[in-house]
Amino acid sequence: LSFADPLLTADRDLVREAVRKSGLALQFAVSGLKSDRELVLEAVSCRGLALQFAAPILTEDRDVVRKAVRHSGHALQYAAPALRADRELVLKAVMQTAPALPQRSEEGSWLDLLHAGALPNDCALQHAAADLRADRSFVCKAVEIDGAAL
């Protein structure tokens, strides 16, 4: 779609087919289609990072964000702030980013994972909400795991 006539980027059927093949094609859609929940769900189902091109209202939609982080834990960075502070979603994102992590119940906390040494270096603090990054114990353990975590 990046080379298509701008009129065609407003064609819902064409954009739908494009995001089914490559979720990132959402970036070339007209803004009205970026707020089409069904279309955005298809895009993030194909490529979680397509969340960055969704209309802001859809980055607040828990189901859309859940589907995005299911495919890419790094998609969490494009979620609305309230959802980046949602421990369940953050945990899902981390688990997806680091598939080698042991299986945990959804009640498991980030702090428990950090203390167990289970979080990989590149995501321990990367997508955590501000309250988690302000937690001294959380940050100290992250630094123990990876001195470059700060």
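Helix α3 (residues 37–46) packs against helix α4 (residues 62–71) at an angle of about 15 degrees, and their axes lie 8 Å apart. That angle makes α3 roughly parallel to α4, a label kept for angles under 35 degrees, with over 145 called roughly antiparallel, 65 to 115 roughly perpendicular and the rest oblique. The axes are lines fitted to C-alpha atoms, for helices over the stretch in contact, and the angles run from 0 to 180 degrees between N-to-C directions. The model is a predicted one, in which local features need pLDDT of at least 70 and side-chain atom pairs count only at pLDDT 80 or more, while totals for chains, interfaces and linings use all residues. Numbering starts from 1 along each chain as its sequence is written, and side-chain values use heavy atoms, with hydrogens and water left out.

The crossing of α3 and α4 is left-handed, meaning that the near helix is turned anticlockwise from the far one by less than a right angle (clockwise would be right-handed). On the α3 side, R37, V40, L41, V44 and S45 do the touching, and they meet D63, V64, K67, A68 and H71 in α4. Contact here means heavy atoms within 4.5 Å. Sorted by class, this contact has 5 nonpolar, 2 polar and 3 charged residues; Ala, Val, Leu, Ile, Met, Phe, Trp, Tyr, Cys and Pro count as nonpolar, Asp, Glu, Lys and Arg as charged, and the others, Gly among them, as polar.

Stepping back, the protein has 9 helices and 0 strands, both taken as DSSP runs numbered from the N terminus (helices: H or I, at least four residues; strands: E, at least two). Of its 150 residues, 45% are buried, that is, under 20% relative accessible area, with exposed set at over 50% and partly exposed in between (1.4 Å probe, protein chains only). Among contacts between residues at least 6 apart in sequence, 38% join residues at least 24 apart.

The largest nonpolar core holds 29 residues, and V19, V40, V44, L51, V65, V69 and L76 are the ones that touch the most other members. Such a core is a set of buried Ala, Val, Leu, Ile, Met, Phe, Trp, Tyr and Cys residues joined through side-chain atoms within 4.5 Å. Two or more residues come from each of α1 (12–21), α3, α4 and α6 (87–97), and α3 gives the largest share, 5 residues. As for V65, residues up to four places away in sequence aside, its contacts are L51, L58, T59, L76, A79, L83 and L89.

Back in helix α3 sits A43, which is buried at a relative accessible area of 0%. Not counting residues up to four places away in sequence, A43 touches V19, G23, L26 and A50. Between A43 and Q27, 16 residues apart in sequence, the C-alpha to C-alpha distance is 10.0 Å.

L49, in the loop between α3 and α4, counts as partly exposed at 21% relative accessibility. Its C-alpha atom is separated by 7.2 Å from that of L24, 25 residues apart along the chain. With neighbours within four places in sequence left aside, L49 is in contact with L24, S72, H74, A75 and Y78. S72 itself lies in the loop between α4 and α5 (81–84) and counts as buried, at 12% relative accessibility. Leaving aside neighbours within four places in sequence, S72 contacts G48, L49 and Q96.
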